[in-house]
Amino acid sequence: MFSELAKPDERTLRFTPYGLSLGGTLHPDDALAFQRSVVADAVLTEGVPAELRKLFERLRHKHGLGLVDYEQFTEVADDAIGLYEPALRARFSEFYRGRPVPFANKEGRPQPLTSDKYDDIADHLRKNALYLPSSNDRLVRFRGMLTNLLWWARDQGLLRGQRVRRHEELIVKMRNHLSHARTHHIHTPVDAAISLRDLAEFINQLWGVTTPGGRRYPAPVRREVVAVGWSPNAVTTAITQARNLTSDEDSSWRWVLIRAVPDDYEVERFDSWHVTTRLPADYLWGPGTAADAVAWQAAHQPTTDEVDPVDRLYVLRQDGNRLYLPQTPEAFAATPLQQQRGQWYLLRADIGNDAFVCVRAQLDPNESHSECRCPVDRLARGSWDQVRGKLRHLQPNLVPHLPADVRVPSQIPWPRSVEIPGS
């Protein structure tokens, strides 16, 4: 317990654990239990090498020591940044264990290298200019440093998500700053806990394990059948799990059934043809009365499912000076012929609005977007047929599907397109 860390003069001390002050006193053992609880689920999967697990557990132990030595929290946050490269090195070595690393020279001639120790590989890279073939058939100079390792992990599909790519770039900057220009600074228990949890998510993702509810590399989210209803004139909107509907609900209300994450408040502006929710949502039935919704559920027995909330594909259409909201690949592939005109954009993003904001900024340039730093991967641009060809390559089993044209109404309607000045 706490006595193992220090022996305070008083049995009760005043703490503000995790940056939260409740204005009272907290027993030392309770403070320690609390700090341990905030990193309790920051654990590494069993597949992670023992040496790396040992380094991580040492940081978790330091986090508890912060109660009696506050600067331990700073060391935890800083040392966590320093573990990203060792984790990538370990994963690189394990990935190629028992087989040669497919290095090549600048001309593309194979220069394979076999070694179970990354230090040997790094030493060879310092003496020779070697390249790795990328997934899109380019040769990329590989120096074995943190930036190269992050690129390699993403190219191999070991890392995922578009928004977190900016965090990965920040990790490189922070590591370089701590290595070459460290100045005195203090991190809070919050900083230390977040750093540990982010690091655990990163390492587990490298070994193929996602984090339920994670903020960096989240696991697939569970979708249920959700009912969205609105009163006459759309003055009031209601969101509930569809199983809660009963046949005796107010018959003046209209309801639609969708498959969505129940706590995604954005389903209140659901649009069956365009992506308007933060998490994926699919149209099932409606609109109609609650009694009709109950009857449809009884007849069709819709099921729940899970979807990956990151790295999703979105397609946007520009027709003249109008830019339309994102669509799913299924809806795009089923676009009626008369609506296929214009310029189309295919992007990979975690959130549909990220794709929309990026394309809009390209069409309406401003100083803040002089260098695109949007959390998206721009994949194709051109006519409907050109973008369809790229999409066919990415999703060869794609089934076109354009559902009924249904939108949840509101007193202030959400537009499906915006005007781009000067386009």
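**Close-ups: cysteines and salt bridges**

The structure has zero disulfides, a disulfide being a pair of cysteine sulfur atoms within 2.5 Å. This is a predicted model, where local features need pLDDT of at least 70 and side-chain atom pairs count only at pLDDT 80 or more, while totals for chains, interfaces and linings use all residues. Residues are numbered from 1 along each chain as its sequence is written, and side-chain values use heavy atoms, leaving out hydrogens and water.

**View 1. D79 and K62 in a salt bridge.** Here the closest N and O atoms sit 3.2 Å apart; a salt bridge needs a side-chain nitrogen of Lys or Arg within 4 Å of a carboxyl oxygen of Asp or Glu. By this rule the count comes to 29. D79 is partly exposed at 31%, whereas K62 is buried at 18%.

**View 2. D119 meets R89.** This salt bridge spans 3.3 Å, N to O. D119 is exposed at 55% and R89 partly exposed at 23%.

**View 3. D282 meets R223.** The N to O distance in this salt bridge is 2.8 Å. D282 is partly exposed at 32%, while R223 is buried at 3%.

Terms used: Buried means under 20% relative accessible area, exposed over 50%, partly exposed in between (1.4 Å probe, protein chains only).
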